[in-house]
Amino acid sequence: MFQGETAITIDDKGRLAVPTVYRDAVARECENRLVITYNPFESGSLYLYPQAVWERLRDQVNALPKAKAVNRSMQLKLVGAAAFVELDGNGRISIPASHRAAVGIEKKAVLLGMGDKFELWSEQAHHAQIRQTISDEDLSAELLDLQL
């Protein structure tokens, strides 16, 4: 279970150091491998999945009927753009240049632990998301049941 927010610096080679709090879990649970792909729901971020979680999701997405444009778009953004990344000896992963450019990640980023995956956000997109508030009109029945 990944949780928490960490400010990240991307080096000149496009690498980021996975926070030490997550390294043992990534090594143990993921064999030092993650799968990186686009977030199909919000611009400015990437998803980082443990391989086992990724494989289940990949199979579900690939099973969607290709006759619907929204399904093909999901397949393109998730499966078509997926790349394996491995932690090096210093606990760093390389983020593909195409992925960084597509979501606007430059030097500063934010890594969020989101349960079964990570989200890597450009600093600007993350700040914009955090500044948005949830209004009464946004509240679903599920949200109303939460005991915050």
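E31 sits in the loop between α1 and β3, and in this predicted model its phi is positive, at about 55°, although E31 is not a glycine. N32 belongs to the loop between α1 and β3 as well, and its phi, near 65°, is likewise a positive value in a residue other than glycine.

**Helix α1**

- Helix α1 spans residues 20–30, and its buried residues are Y22, A25, V26 and C30.
- Seen down the axis of α1, these buried residues fall within an arc of 105°, so they line one face of the helix.
- The other side of α1 carries T20, D24 and R28, which are exposed.
- The packing partners of the buried residues of α1 are strands: β1 (2–9), β3 (33–38), β4 (45–50), β7 (108–115) and β8 (118–122).
- R23 is also a residue of helix α1, and with a relative accessibility of 26% it counts as partly exposed.
- When neighbours within four places in sequence are left aside, the contacts of R23 are A17, V18, L87, N90 and G91; for one of these, L87, the C-alpha atom is separated from that of R23 by 8.6 Å, although the two residues are 64 residues apart along the chain.

**Helix α3**

- Helix α3 covers residues 69–80 and has N71, Q75 and L78 as buried residues.
- Around the axis these three residues, N71, Q75 and L78, cover an arc of only 90°, which puts them on the same side of α3.
- V70, L76 and G80 are exposed on the other side of α3.

**Salt bridges**

- Side chains of opposite charge can pair when their charged atoms come close.
- D11 and R15 are joined through their side chains in a salt bridge with an N to O distance of 2.7 Å; D11 is partly exposed, with a relative accessible area of 25%, whereas R15 is buried, with a relative accessible area of 18%.
- A salt bridge also links the side chains of E29 and R28, with a distance of 3.1 Å from N to O, and both E29 and R28 are exposed; R28 is one of the residues on the exposed side of α1.
- R58 and D59 form a salt bridge in which the closest N and O atoms are 3.1 Å apart; R58 counts as partly exposed at 26% relative accessibility, and D59 counts as partly exposed at 44%.

**Nonpolar surface patch**

- I134, L139, L143, L144, L146 and L148 together make a nonpolar surface patch of about 660 Å².
- One of these residues, L144, is found in helix α6, which is made of residues 141–144, and at 56% relative accessibility L144 counts as exposed.

**Annotated spans**

- According to an unreviewed UniProt entry, the annotation "domain: SpoVT-AbrB" covers residues 5–53 and 82–125.
- In the model, residues 5–53 are 29% helix and 41% strand, with the end C-alpha atoms of the span 21 Å apart.
- Residues 82–125 are 23% helix and 45% strand, and the end C-alpha atoms of this span lie 21 Å apart.

Notes. Residues are numbered from 1 along each chain as its sequence is written. This is a predicted model: local features need pLDDT of at least 70, side-chain atom pairs count only at pLDDT 80 or more; totals for chains, interfaces and linings use all residues. Side-chain values use heavy atoms; hydrogens and water are left out. Patches are made of residues with over 30% relative accessible area and no salt bridge: like charges are joined within 9 Å, nonpolar side chains (Val, Leu, Ile, Met, Phe, Trp, Tyr) within 5 Å. Accessible areas come from the Shrake-Rupley method with a 1.4 Å probe; for residues, only the protein chains shown count as cover. A salt bridge is a side-chain nitrogen of Lys or Arg within 4 Å of a carboxyl oxygen of Asp or Glu. Helices (H or I, at least four residues) and strands (E, at least two) are DSSP runs, numbered from the N terminus. Buried means under 20% relative accessible area, exposed over 50%, partly exposed in between (1.4 Å probe, protein chains only). The arc is that of the directions from the helix axis to the C-beta atoms. Contact means heavy atoms within 4.5 Å. UniProt positions are given in the numbering used here, feature names are shortened, and annotations may be inferred rather than shown by experiment.
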